[in-house]
Amino acid sequence: MDAMDLILLEPHEAQIQSLLAAGAGSERSAYMLFGVADIECDPWSNQPRRRLVSHRFDPVGDNELVSASGRHVTWQTDGYMRLLNEAKTTGLTPALVHTHPKGKARFSEQDDRNEAELARTALLKGMQGLVSIIIAENGDLAARIWTTTENAVEIGRILHSGPRLRISGLTGTPEKFLDRQVRLFGDDASRQVSGFRCGIAGGGATGSAVLPLLLRLGVKEAVQFDKDIVDLTNLNRLHGARRSDADAKLPKTNIHARTVEESALGMKLVSVDAWAGDPVTWDALKACDVIFCCTDDHAGRLFLNRFARFYGIPVIDVGLAMQRRTEAAYDLFARVSTLVPGHPCLLCGGYVDPRRAREETLRRDDPDSYQRLKEEAYVLGEGDPSPAVVTFTTEAGAMAVNEWLAGITGLAGEAGMLPTRMRRFHARDERKPLVEPQPDCPCCSQEATLGRADMQPFLDVVS
């Protein structure tokens, strides 16, 4: 069986936790559906991998319970058969959840016997597997999947995705060069930081700042997406770039690969020579535990905005706006938005323009058609290059990485990552704009898209 892990979205984990209170000391149960994210070639192992993404939670109602105590729970199976029928129709993976209010997060022999029979039914109905999750009184979780009726396979790695971030199942000792970091965050948090598989969409100013920060924090596996080359005007802000790189017109990803290699700090960096959203990037994006969106285009942002919704993989979006208003007055803004369940998306905040996104995609995919439409004034066309100053782009990258650290460590409070932070360099202040989710948002208002993962067409978007 391919390597497998699980992404548990915060709303669904909260619902699993609620079963403990609902049971009041007795076991309780629920059904779930999981989206399937098949990775044909993991960027770091070059092997196939499957991720299951929580999509929906349905508690077993009191009217379906047959009996329950602190050591057992039984219920009618009508709801289970409906679950299997829906899973078969939609291509989702069915799951069972139950509590161990007086025990640990370990499957009992009775669980083995009961679930083997339920798995048999699921497999006979054409399911690829049956997931089982238990939660103990202390909140610990255990998960496994039945792909045969003989035995289940433990799912040891679980990405807990929401404003607070955590990966269950990580082992190992932080590297010695992280000693000063460990003194602040401790072994466990530093292990968490190192264990995240990080994607960086964009290798320009902010992307070139984010990568070395992740490197110095001890991240072991990273993938960077960019299709641009270094030119002379990049040298004022592109970390790691040299004048000789611009003369040679080297790809930006080559510069960053050199930075990582010369550091000898143990990071395995994979470079993908494409813009985030190109089909060749899908596998690598699906393999990440967090993605830093450091692209300056609307098309990439719009794609990752929807991707975060479907796959439950946190996206941390970085935006900058700089202009000179008068001889002595400036507007200098940096924005960081975290795209996780419960937070409004970039469309809700007005931070991405769908029209510009469509035009950028057309310019990349069909430049001749784009040029004709531009001449006919059907597209806005490119404006002058935006101003960029390395101190501001670097600080914006640091803001994004620190927000991620807040999600892992709780350094800014138990709430974890904020939906949006806005820093005004010219005013020397920081704001937390209140962005309300829009009820008619085409991305984050649809329950059917949360954790849906793989489907045809990809992200349910027709080109």
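This briefing describes the fold of one protein, from its overall dimensions down to a few selected elements and residues. The model is a predicted one, and the protein in it contains 13 helices and 19 strands. Its radius of gyration is 24 Å, close to the 23 Å that the globule rule gives for 463 residues, so the protein is as compact as a globular protein of that length.

**Overall dimensions and packing**

- Along its principal axes, the C-alpha trace of the protein spans about 75 × 55 × 40 Å.
- Of the 463 residues in the protein, 52% are buried, and the accessible surface comes to about 21600 Å², of which 49% belongs to carbon and sulfur atoms.

**The nine-stranded sheet**

- An open sheet is formed by nine strands, which follow the order β9-β8-β7-β6-β2-β3-β1-β10-β11 with mixed pairing.
- At the edges of this sheet stand β9 (152-154) and β11 (166-168), each of which pairs on one side only, and from one strand to the next the twist averages 30 degrees.
- Within the sheet, strand β1 (residues 3-9) pairs with strand β10 (residues 158-161) in the parallel sense over four bridges, and Leu6 stands opposite Ile158 in β10.

**Helices against the sheet**

- Helix α2 (residues 78-90) packs on the sheet, where it touches β2 (29-39), β3 (49-59), β6 (93-100) and β7 (130-136), and the direction of α2 makes about 15 degrees with that of β2.
- Helix α3 (residues 109-124) lies across β6, β7 and β8 (141-146), and runs at about 45 degrees to β8.

**Helix α5**

- Helix α5 (residues 205-217) has 13 residues and reaches 19 Å from its first C-alpha to its last, which is close to the 18 Å expected at 1.5 Å a residue.
- This helix is mostly covered, with 10 of its 13 residues buried; among them are Ala205, Gly207, Val210, Leu211, Leu214 and Leu217.
- Just after α5 comes Gly218, which takes a positive phi of about 100 degrees.

**Strands β15, β16 and β17**

- Strand β15 (residues 290-293) and strand β16 (residues 315-326) run parallel and are joined by three bridges, with Asp317 in β16 as the bridge partner of Cys293.
- Strand β16 is also joined to strand β17 (residues 329-339), in this case by 11 bridges and in the antiparallel sense, and the bridge partner of Gln323 in β17 is Asp331.
- Together, β16 and β17 form a hairpin that has two residues between the strands.
- As background to both pairings, strands of a sheet pair through backbone hydrogen bonds, either parallel or antiparallel.

**The loop residue Gly70**

- Gly70 is placed in the loop between β4 (65-68) and β5 (73-75), and its relative accessibility is 14%, under the 20% limit, so Gly70 counts as buried.
- Leaving aside residues up to four places away in sequence, Gly70 touches Gly25, Ser26, Glu27, Pro101 and Lys102.
- Phe34 lies 36 residues from Gly70 along the chain, and the C-alpha atoms of these two residues are separated by 27 Å.

Methods:
Residues are numbered from 1 along each chain as its sequence is written. This is a predicted model: local features need pLDDT of at least 70, side-chain atom pairs count only at pLDDT 80 or more; totals for chains, interfaces and linings use all residues. Side-chain values use heavy atoms; hydrogens and water are left out. Two strands pair if DSSP finds at least two bridges between them. Axes are lines fitted to C-alpha atoms, for helices over the stretch in contact, and angles run from 0 to 180 degrees between N-to-C directions. Contact means heavy atoms within 4.5 Å. The radius of gyration is taken over C-alpha atoms; the globule rule is 2.2 Å times the number of residues to the power 0.38. Buried means under 20% relative accessible area, exposed over 50%, partly exposed in between (1.4 Å probe, protein chains only). Accessible areas come from the Shrake-Rupley method with a 1.4 Å probe; for residues, only the protein chains shown count as cover. The expected span of a helix is 1.5 Å times one less than its number of residues.
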